[in-house]
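Student: Please show me the model, and then let us work through some questions about it.

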Amino acid sequence: MDTPPEEDFERLAKLAARLFNVPTVLISLLERDRQFFKARVGFDVCETSREVSFCAHAIVQNDILLIPDATRDPRFRSNPLVLGPPFIRFYAGKPLVAPGGEKIGTVCLIDTEPRSSFTELDREHLSDLAALVMDRMEMRRLDYVRSLSQARFENIAATSPDAIICSNARGEITFWNRSAERIFGYSADQMIGRTGAVIVPDSWRRIYEAELTRLHQGKKLELADRTVELSGLREDGTEFPAEFSLSTWGEGGETSVGAIVRDISERRRNEERLFRLASLDPLTDLPNRGAWRDCLTDTLAAETPATIILLDLDGFKEVNDALGHSAGDAVLKEVAARLKLACEDAIIIARLGGDEFVALLPGDDPQYAATFADQLVSIVSCPYEFAGEKVEVGVSIGVALTPAHSARPEELLSAADLALYRAKASGRGRAEMFSPVFRDVVIARRAFAQELRLAFEHGEFELFYQPQVNTRTGALVGAEALMRWNHPQRGLLTPASFMEVLSEKPSAGAVGEWVLRTACAQAAIWREAVPSFRIGVNLFAAQFRAGRLLTSVREALAENNLPPAALELEIVETILLRNDTTILRLLQELKALGVRLAFDDYGTGFASLSLLKRYPVTCLKIDRSFIRDVDTDPEDAAVVKAIIYLGKSFGLEVIAEGVETRTQLAFLRENGCAEAQGYLFGKPVPVAQFEAMLSQQPAFAL
């Protein structure tokens, strides 16, 4: 208790933190009313009262005390360590049991988040760590024993689990305990009076002889009063790793030497296994993220020119979804094997997690790096096999060089990540070399996102309206509400310049609800002039995730006394492709309410007929890209005819976007497309201009 920190215990605590991926690890010793932390990671104080201690409960267990979520455990949910800093949620503690059976403390793992899983393998690892800690504790006890008198030393040595050997200044053995017999294989009768050279292997015989010489000269041993790791030699000639703790004392006018020898073979095996677990990915046997980070840091510190090859698999999720995780695991193992074969000269190849791998290659030649990365794309993208089935997986690669792109670990990996992002954005299945302009784009995008957040708060968004017309009569049937951004510096911006970024922001749901309420309020006013007028509103994916879309629609309709049929909600394909039962239920409820549901930009993506059968849409909107050349391109004409036919077959209305010429309008009318919108009838305009159009031109001449 109350001893200062020691490297051995601190090292084991840090190892546990890495191995179990927890923020806090404690090696605690308990007294009657308090616990003292011999080593700690992620915990500022060095002791607490026993009254609030989790370890006081763990120490009375025969095995591990496991608490997945302290807030759900009646023993701990009112504990101040759970209610306030450090907010303990998960706890796993293994008692420290001395050789005599006494429980003196615990090794415990703590997290501020609950954990639902702690496997049998985790239990084994925690038990091994506790055994290693207890080894260190026992060594400290024996170090203390070393300072006692020879007589007491021999009495205690008789029951010690370690070999304890005494010899005189001539190296002749005078005491040989039972543990020495067990460890070295020689009996006490065989060894008393013999020189200790018989247990010294050739690897350090010179050291042994030099120490004997120092004894003959009356000098202190070089190895005295400290513990060193050396090899021991058994009777059968085998060597084993051991800890030797030597001390000397005067007795009867002579110098005596005491040696405590501990066989650390099992500890070495445990340490190697635990350190292996802490530094290797268990699936692929490649170094993990922690080992990669250490290697990269060392490489950059040595100012060694190097190349980072960052790889991310394309289509890997589809493999897991279609064939199961066993197939995915098999692909990851094969990717690792291919990388090992292709990158023979690599400084390190690692799996960073998921389907992301990285290789660090010597040298920083950009031409060689680009060529090699292209070769890796081909190597990794070759088909895989699982259970007799062919599995197609691609790869995208980002490349960064040091020192050219950075000499700092995080910045260099960030450069490779930006290059990887560019490779994926450019079509995937390719490699990209980092360029400083990539980082400039990210910085500019981040600044733009900040401006976008403030735009909503400052009321810079505005709705424009584009008329929708009956293709037979020219009558105005409604309008689509389209967002515009009145940017303080850049002027009026269309959705193409900001919608992609906005849809990813936390404010997207709130912006979508503002659009819905504003458009409905305006539609209610215009229905006084055109009673059948309806308004089309584009929905954000965030509105589906927020869980209040149905409520928002009901409120917007009720606030403006607007009938449900006057509102048409436009949905993009990416929302429907999620195959989410929650979305399906929501759309069914909206349709039951009487709201129209339009499938926007139909024909441009991967939508199948099954989507039209599964989801309750009421209208298909033909994308403008097919209308542009509908009167000159037979393929576009065929697509448009097919969509109109699908609409009729499924009982859906069809509206064409992007109509700009009377020839296009005539084609649509001839093929039975009932409604259209586009520049032929009017561009998206602010409220005032749309109202002027209503008053002057309630119908369009066709």
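The questions below go from the whole chain to single residues.

Tutor: This is a predicted model, in which local features need pLDDT of at least 70 and side-chain atom pairs count only at pLDDT 80 or more, while totals for chains, interfaces and linings use all residues. Residues are numbered from 1 along each chain as its sequence is written, and side-chain values use heavy atoms, with hydrogens and water left out.

Student: How many helices and strands does the protein have?

Tutor: Helices (H or I, at least four residues) and strands (E, at least two) are DSSP runs, numbered from the N terminus. On that basis the protein has 26 helices and 27 strands.

Student: Why is the protein described as more spread out than a compact globule?

Tutor: The radius of gyration is taken over C-alpha atoms, and the globule rule is 2.2 Å times the number of residues to the power 0.38. For 702 residues the rule gives 27 Å, and the protein lies well over that, so it is more spread out than a compact globule, with a radius of gyration of 38 Å.

Student: What does the C-alpha trace span along its principal axes?

Tutor: The spans are taken along the principal axes of the protein. They come to about 125 × 60 × 55 Å.

Student: Is Phe36 buried or exposed?

Tutor: Phe36 is found in strand E2, residues 34-41. Buried means under 20% relative accessible area, exposed over 50%, and partly exposed in between (1.4 Å probe, protein chains only). Because its relative accessibility is 6%, Phe36 counts as buried.

Student: Which residues does Arg136 touch, not counting residues up to four places away in sequence?

Tutor: Arg136 has its place in helix H4, residues 120-145, and counts as buried at 8% relative accessibility. Contact means heavy atoms within 4.5 Å. By that criterion Arg136 touches Asp8, Phe9, Arg11, Leu12, Arg267 and Glu271.

Student: Which residue in E14 stands opposite Gly353?

Tutor: Two strands pair if DSSP finds at least two bridges between them. Strand E13 (residues 348-353) is joined by 5 bridges to strand E14 (residues 356-362), and the two run antiparallel. They form a hairpin with 2 residues between them, and Gly354 in the turn has a positive phi of about 60°. The residue opposite Gly353 is Glu356.

Student: How many residues of strand E13 are buried?

Tutor: E13 covers residues 348-353 and is mostly covered. Of its 6 residues, the number buried is 5.
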